Amino acid sequence: MKNRRFLSDNNNTCLLLVLLSGLIGGEFLIIVFLRAADSPLTHSAASTSPLATTPIQLRAILHYATSPVVPQQTLDEITLSFDVLRSLCPCNFLVFGLGHDSLMWASFNPRGTTLFLEEDPRWIHSILKNAPDLHAHTVSYRTKLSESKALLKSYKSEPDCFPPDKAYLKNNDKCRLALNGLPNEVYDKEWDMIMIDAPRGWFAEAPGRMAAIYSAAVMARKRKGSGVTHVFLHDVDRRVEKAYAKEFLCRKYLVKGVGRLWHFEIPPAANVSGEGRESAGFC
Ligand SMILES: C[S@@+](CC[C@H](N)C(=O)[O-])C[C@H]1O[C@@H](n2cnc3c(N)ncnc32)[C@H](O)[C@@H]1O
C-alpha cells in the first residue's frame, strides 16, 4: 500500500517536472524569437538591403498621397530624369531650386546624396517646414535676367571665365557667371547628375539661369571620375535657357528632349581631344 502511494507520488512529481520544463523551454524559445526579430543584426540587414524603403521615400509617399499640389514638370519630363536616376543611383545629384518636386527627387535617389541650391531663404524655410530631411543650401546670384545678352557677349574677354580649361568656380569673383560662394560640399563632390530648374528666370530683375548653366558646364568639364555628367535643363522654350544651353552645354552633347526639358551628357574635358580645343570654347 505504502509502496503504491510512493509510486503514484513519484509519478505526479515526474509529471509536474515535465510540465514545468516544457513551460520554461517554451518561454525561452519565445524570448529567443522575439529577441531575434528585434535584434540590431536583423534590422541592419533589412535596412542595408538595396530594396529596403528609406525614411525619405516613406515621407514622399505620405506627402504626395495627401497634397493637392503637384510638381510643375510633366509626367513625361519627370520620367526622362527618373530613368537616368534609376540607372545611376545611389549617386550625387545636384538640384538647382527647391519646390514641390524636391521630395520626389530626393526619394528617387535613396542612399545617394541629393543637394538642393535655392536662392530664396523664405522659400527654403517654407519647403523644409514640411520636409525637414531635405538637404538644401542658399545660393546668391550676381546676375539679372536683363543682363543675359551682355554677359553672353562679354564672358570671353574675362580670363577667369574663358577659356574653359582655365575657368573655375570657388572664389572666382571676376567671372559673374561662376557661382563663387557655394558651400565647399558643392565644390568638393563630383556631381553625377545636375537638374537646372531654378533660379527664377521669368522677369527682368530675376537672376536668370545663366550662372547655373555656366557653373554646371564647368563642373561637368572638371569631372575626374569615370563616365559623363548628366545635365537636365528645364524651360528650354525660353530664349535665355536655349541660348546659354547652346553656348555651354552644347548641341552635340544633347541626347534627348521631352516637352520643355533637355538632357545633356557632358564628358570630362580630359576626354575631349582635338586641335584648337581651347579656342573652341565650351563646345
Ligand atoms: C520654376 S520654380 C521650380 C519649381 C519646381 N520645379 C516645382 O515643381 O515646384 C524655380 C524657383 O521659383 C521659386 N518658386 C517657385 N514656386 C514658388 C512659390 N510658390 N513661392 C515662392 N517662390 C517660388 C523658387 O525660388 C524656385 O527655386
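Q: Which residue is the bridge partner of His230 in β7?
A: Glu265 is the bridge partner of His230 in β7. Keep in mind that this is a predicted model.

Q: So how do β5 and β7 pair, parallel or antiparallel?
A: The two strands pair in the antiparallel sense. Six bridges link β5 and β7.

Q: What holds strands together in general?
A: Strands of a sheet pair through backbone hydrogen bonds.

Q: Is β7 mostly covered or uncovered?
A: Mostly covered. Five of the six residues in β7 are buried.

Q: What about the hairpin of β6 and β7? How many residues are between the strands?
A: Two residues. In this hairpin Gly259 takes a positive phi near 55 degrees.

Q: Now the β3 end. How does β2 pair with β3, parallel or antiparallel?
A: Parallel, over four bridges. Strand β2 covers residues 113-118. Leu115 stands opposite His135 in β3.

Q: New topic. How many residues surround the ligand?
A: There are 15. The closest are Gln72, Gly97, Gly99, His100 and Ala198.

Q: How do the residues of that shell divide?
A: Five are nonpolar, four are polar and six are charged.

Q: Back to Ala198. What kind of peptide bond joins Ala198 and Pro199?
A: A cis peptide bond, with omega about 5 degrees. Pro199 sits in the loop between β4 (193-196) and α9 (210-221). A cis peptide bond also joins Phe162 and Pro163. There, omega is about 5 degrees. Pro163 lies in the loop between α7 (148-154) and α8 (184-188).

Q: What is the phi of Asn171?
A: Positive, about 55 degrees, although Asn171 is not a glycine. Asn171 lies in the loop between α7 and α8.

Q: Does Asn171 count as buried or exposed, and why?
A: Exposed, because Asn171 has 9 C-beta neighbours inside 10 Å. The cut-off for exposed is 12 or fewer.

Q: And what is the phi of Arg111?
A: Positive, about 70 degrees, and Arg111 is not a glycine. Arg111 is in the loop between α5 (102-107) and β2. With 13 other C-beta atoms within 10 Å, Arg111 is partly exposed.

Q: Last thing. What is the mean pLDDT of the protein chain?
A: The mean is 86, and 80% of the residues reach 70 or more.

Q: Where is the pLDDT below 50?
A: Over residues 13-46. Beyond near neighbours in sequence, that stretch has three contacts in the model. Where pLDDT is low, the predicted coordinates should not be read in detail.

Terms used
Residues numbered from 1 in each chain as written. Predicted model: local features only at pLDDT ≥ 70, side-chain atom pairs only at ≥ 80, totals over all residues. Near = placed C-beta within 6 Å. Nonpolar A, V, L, I, M, F, W, Y, C, P; charged D, E, K, R; others polar. Pairing = 2+ DSSP bridges. Buried ≥ 20, exposed ≤ 12 C-beta atoms within 10 Å, placed from the backbone. pLDDT = per-residue confidence, 0-100. Contact = placed C-beta atoms within 7 Å.
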